[in-house]
Amino acid sequence: MVCMVARTGRHLQRYNQDHRLVVGCIPYRYKKGYCSPEDHHELEVLVISSKKSDAMMFPKGGWEVDESVEEAASRESLEEAGVLGNVEANSGTRSPIATLCCNLYCNSRIVATWMCELGRWIFKSKSRELYHQGFMFPLLVTQQLDLWPEKAARKREWMSVDEAREACGQWWMKEALDILVDRLRSSPLKQENQVPSM
């Protein structure tokens with residue numbers, strides 16, 4: 001069952017020192033239903049509009065204390081873009097990366113995870129004088145919903161990589177997109193990860 005109400009508020013947000021931790025995904029699929037790593041023109045990515053403007057971006061939001069980084073990334077993609085899928089592990093050899101976690105009292109500790117993080121960026125909030133630490137992951141889309149929690153507040157659109165790079169106004173998300181494209185070109189996906197286009 002899919003939750004149709006978006007989480008709100010900041011009382012469960014994770015912080016690393018003064019930086020709010022933000023997690024997002026680049027939802028993607030292939031036009032013809034199977035991977036063509038040499039030709040990124042077959043790749044489509046899903047962008048969404050901001051709730052406050054028509055600016056386009058990838059789904060992202062606060063990482064909360066009661067969820068893993070994978071759960072946060074999946075939740076944001078569902079709430080903001082109405083897609084379900086696999087937050088991907090490395091398609092080649094796997095190596096653990098360190099992910100910063102904070103408990104309710106904000107005592108920090110390091111845990112190991114197998115997530116295929118595209119990267120981490122420090123960026124300034126557009127609405128406040130705060131800095132965020134953003135984590136981005138690839139999300140291979142397996143299902144696109146007709147109804148989702150923020151449908152009334154956002155537009156979503158599948159775009160080519162070039163179109164998304166042009167439309168997205170956030171520099172750190174453009175960098176994450178370039179990393180995803182490079183990774184998909186250099187590590188062909190296995191047949192079992194290929195899903196038909198929607």
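The side chains of Glu-44 and Arg-29 form a salt bridge with an N to O distance of 2.8 Å; the term denotes a side-chain nitrogen of Lys or Arg within 4 Å of a carboxyl oxygen of Asp or Glu. Glu-44 belongs to strand 3 (residues 43-49) and Arg-29 to strand 2 (residues 19-30), so the pair links distant parts of the chain, 15 residues apart. Glu-44 is buried at 14% relative accessible area, and Arg-29 is buried at 8%. Buried means under 20% relative accessible area, exposed over 50%, and partly exposed in between (1.4 Å probe, protein chains only).

This is a predicted model, in which local features need pLDDT of at least 70 and side-chain atom pairs count only at pLDDT 80 or more, while totals for chains, interfaces and linings use all residues. Residues are numbered from 1 along each chain as its sequence is written, and side-chain values use heavy atoms, with hydrogens and water left out.

## Other salt bridges

The structure holds 11 salt bridges. Arg-75 and Glu-67 meet in one of them at 2.7 Å, N to O. Arg-75 is buried at 12% relative accessibility, as is Glu-67 at 5%.

Asp-178 and Arg-165 form a salt bridge at 2.8 Å, N to O. Because Asp-178 lies in helix 3 (residues 171-186) and Arg-165 in helix 2 (residues 161-167), the pair ties together parts that are 13 residues apart in sequence. Asp-178 is partly exposed at 31%, and Arg-165 is partly exposed at 26%. Elsewhere, shared partners join Glu-67, Arg-75, Glu-76 and Glu-79 into one salt-bridge network.

Helices (H or I, at least four residues) and strands (E, at least two) are DSSP runs, numbered from the N terminus. Two strands pair if DSSP finds at least two bridges between them.

Strand 2 runs parallel to strand 10 (residues 131-144), joined by 9 bridges, with Tyr-28 opposite Leu-140. Strand 2 is antiparallel to strand 5 (residues 60-62), with 3 bridges, and Val-22 stands opposite Gly-62. Strand 3 is also antiparallel to strand 2 over 3 bridges; there, Tyr-30 has Leu-43 as its bridge partner.

## Helix 3

Helix 3 has 16 residues and spans 23 Å from its first C-alpha to its last, close to the expected 22 Å, which is 1.5 Å times one less than its number of residues. Its buried residues include Trp-172, Ala-176, Leu-180 and Leu-184. An α-helix has 3.6 residues a turn, so residues three or four places apart point the same way.
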